[in-house]
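Trainee: Before we start on the questions, could we put the sequence and the structure side by side?

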Number of protein chains: 2
Amino acid sequence: MRAYTQVVEWVEGQILDGTLKVGDRLPAERDLATRLQVSRAGVREAMRTLAAQGVVRSGVGSGENAGTVVSAMPSEALTRVLRLHVALANFAMDDVVAARVMLERSSAGLAAAHASPEALAEIATPLASMTDEVDRLGFNDLDTAFHIAIAEAGGNRLVADMTIAIREAMRLPILRELEQLGDRWPDVRTRLTAEHRAIHDAIAAGQADRAAQLMEEHIHSSRRLLHP
Amino acid sequence: MRAYTQVVEWVEGQILDGTLKVGDRLPAERDLATRLQVSRAGVREAMRTLAAQGVVRSGVGSGENAGTVVSAMPSEALTRVLRLHVALANFAMDDVVAARVMLERSSAGLAAAHASPEALAEIATPLASMTDEVDRLGFNDLDTAFHIAIAEAGGNRLVADMTIAIREAMRLPILRELEQLGDRWPDVRTRLTAEHRAIHDAIAAGQADRAAQLMEEHIHSSRRLLHP
C-alpha cells in the first residue's frame with residue numbers, strides 16, 4: 001500500500017471511530033511518519049488531499065492551535081463530489097429522476113412545514129425573475145436557485161446537501177436540453193414557471209402534502225417537456 | 001489562486017460541461033501547465049488528488065491510451081466522502097434519521113418491486129445469521145449488511161449509493177449504542193431481528209407499500225430502543 005493511502009486511511013479510521021473530532025489536532029508530520037512507518041513526503045501528500053476535501057485544515061500560529069486540525073467538512077465538499085459523481089457515473093436518467101423525486105418531495109414537504117419568512121422570500125425571489133424576458137441560461141440559473149432555496153427552506157441539512165448536489169449536477173444537462181427546444185422554448189418557459197408558482201404557493205400556504213405532490217408532478221412534467 | 005486549485009477546477013469544469021467524458025485523455029502535464037500558466041508540480045499535485053477521488057486514473061502503455069484519463073468515479077468514492085461528511089458535519093440526529101427514513105423507505109419499496117432471487121438471497125443471508133449466539137459487533141455488521149443488501153436490491157444505483165453511505169456512517173455510532181445497552185441487549189436483539197424478518201418477508205412477497213412502511217417503523221423503533 002502506498003504511504004499516501006496508508007495515511008489517508010489512518011486519518012479516516014480515527015474520524016469514523018470517533019477518536020478524532022472536529023477541531024482536534026493531528027499528530028505532527030514527523031510523528032505520523034514514524035507511527036505509520038511511511039515517508040514524511042507521503043504524510044504531506046495525504047494532508048494536501050484531505051485538505052482539498054475539507055477533512056483537515058492547516059492551523060495558524062503556534063501553540064495549541066498550530067499544525068493540522070480536523071475540520072467540519074463544508075457542505076460544498078460533499079456537493080462537489082456528488083456533482084462529479086453524477087456527471088461521471090453515468091447513472092440511468094430514470095434513476096436520477098427517481099432520486100430527485102424522492103429528495104425534492106421530501107424537501108418541498110419539509111419547506112411547507114418549516115419555512116421561515118426569510119426562507120420563503122428566497123424561494124419567491126428567483127420565481128419573480130422568471131419573466132418573458134429571461135433567456136435559457138438565465139432561466140436555468142433561476143430554476144436551479146428555486147429548487148435549492150426549497151431544499152434549504154426544509155431545514156434538514158443532510159437532505160438539502162444531497163438535493164442541492166443532484167440539482168447542481170443537472171444544471172448543464174438541463175441547459176443543453178433547453179437549448180435544443182427551438183420554437184417550443186417560450187411555451188416550455190411559461191409551463192415550467194406556472195408549475196414553480198404552484199409549488200411556491202403550496203409551500204407558502206403550509207400545505208405539505210400538496211407541495212410534495214406538485215413537486216413530484218413538476219419533475220416528471222419537466223422531463224416530458226424537455227424530452228417530448 | 002493556487003496552481004493546484006486552478007488545475008482541479010479546470011478539470012471539474014470540463015467534466016461538468018461535458019467536454020471531458022469517462023475514458024477521455026487529459027492534456028499532457030506540460031501542455032496543461034502551459035495552458036493554465038501554472039507549474040508542472042501544481043499539475044502533478046492536482047492529478048494525485050483527482051486520482052485519489054477516483055475522478056482520473058493513470059493510463060498504461062503508450063499511444064492513444066497513455067497519460068491520465070477521466071475515470072468513472074466508483075461508488076466507493078462517493079460513499080467514502082458522504083460517510084466522512086456525516087461523521088464530521090455534526091448533523092442533527094433527527095435530520096439523519098429523517099434522511100434514512102426517506103432513502104430506506106424508497107429502497108425497501110423498490111426492492112419489493114424489483115428484487116431478483118439473487119438479491120433476495122443477499123438480504124436473507126445476514127438475517128439468517130442474527131441468532132442468539134451473535135454478539136453486538138457481529139450483530140451490527142449483519143445489520144449493516146442487511147440494510148445495504150436492500151438498497152442494492154432496489155436497483156437504483158444513485159439511491160443505493162446515498163443509502164449505503166449514510167448506513168455506513170452510522171455503523172460505529174450504532175455499535176457504541178449497542179454496547180451501552182447492558183442487560184437489555186438480548187431483548188433488543190430479538191426485537192430488531194423480528195423487525196428485520198418482517199421487512200424481508202414483505203420484500204419477498206413483493207409488497208412495496210408494506211415494506212416501505214415497515215422500514216420506516218423499524219428505523220424509528222430502533223432509535224427508541226437504543227435511546228430509551
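Trainee: Are α10(A) and α11(A) roughly parallel or roughly antiparallel to each other?
Mentor: Keeping in mind that this is a predicted model, consider helix α10 (residues 185-204) of chain A and helix α11 (residues 208-226) of chain A, whose axes come within 9 Å and cross at roughly 170°. Angles over 145 degrees count as roughly antiparallel. The relation of α10(A) to α11(A) is therefore roughly antiparallel.

Trainee: How many of the residues in the contact of α10(A) with α11(A) are nonpolar?
Mentor: On the α10(A) side the contact includes A:Val188, A:Leu192, A:Ile199 and A:Glu195, while the residues they meet in α11(A) include A:Leu214, A:Met215, A:His218 and A:Leu225. Taken over both helices, the residues of this contact divide into 3 charged, 3 polar and, for the class you asked about, 10 nonpolar.

Trainee: Which hand does the crossing of α10(A) and α11(A) have?
Mentor: Two packed helices are described by the angle between their axes and the distance between the axes. For α10(A) and α11(A) these are roughly 170° and within 9 Å, and the hand of their crossing is left-handed.

Trainee: Turning to the whole chain, what is the radius of gyration of chain A?
Mentor: The secondary structure of chain A comes to 11 helices and 2 strands, in the order α-α-α-β-β-α-α-α-α-α-α-α-α along the sequence. For 228 residues the globule rule gives 17 Å, and chain A lies well over that, so it is more spread out than a compact globule. Its C-alpha atoms fill a box of roughly 65 × 35 × 30 Å along the principal axes, and the radius of gyration of chain A is 22 Å.

Notes. Residues are numbered from 1 along each chain as its sequence is written. Chains are lettered from A and ligands numbered from 1 in the order in which they are written. This is a predicted model: local features need pLDDT of at least 70, side-chain atom pairs count only at pLDDT 80 or more; totals for chains, interfaces and linings use all residues. Axes are lines fitted to C-alpha atoms, for helices over the stretch in contact, and angles run from 0 to 180 degrees between N-to-C directions. Helices (H or I, at least four residues) and strands (E, at least two) are DSSP runs, numbered from the N terminus. Angles under 35 degrees count as roughly parallel, over 145 as roughly antiparallel, 65 to 115 as roughly perpendicular and the rest as oblique. A crossing is left-handed if the near helix is turned anticlockwise from the far one by less than a right angle, and right-handed if clockwise. Two residues are in contact if their C-beta atoms, placed from the backbone, lie within 7 Å. Ala, Val, Leu, Ile, Met, Phe, Trp, Tyr, Cys and Pro count as nonpolar, Asp, Glu, Lys and Arg as charged, and the others, Gly among them, as polar. The radius of gyration is taken over C-alpha atoms; the globule rule is 2.2 Å times the number of residues to the power 0.38.
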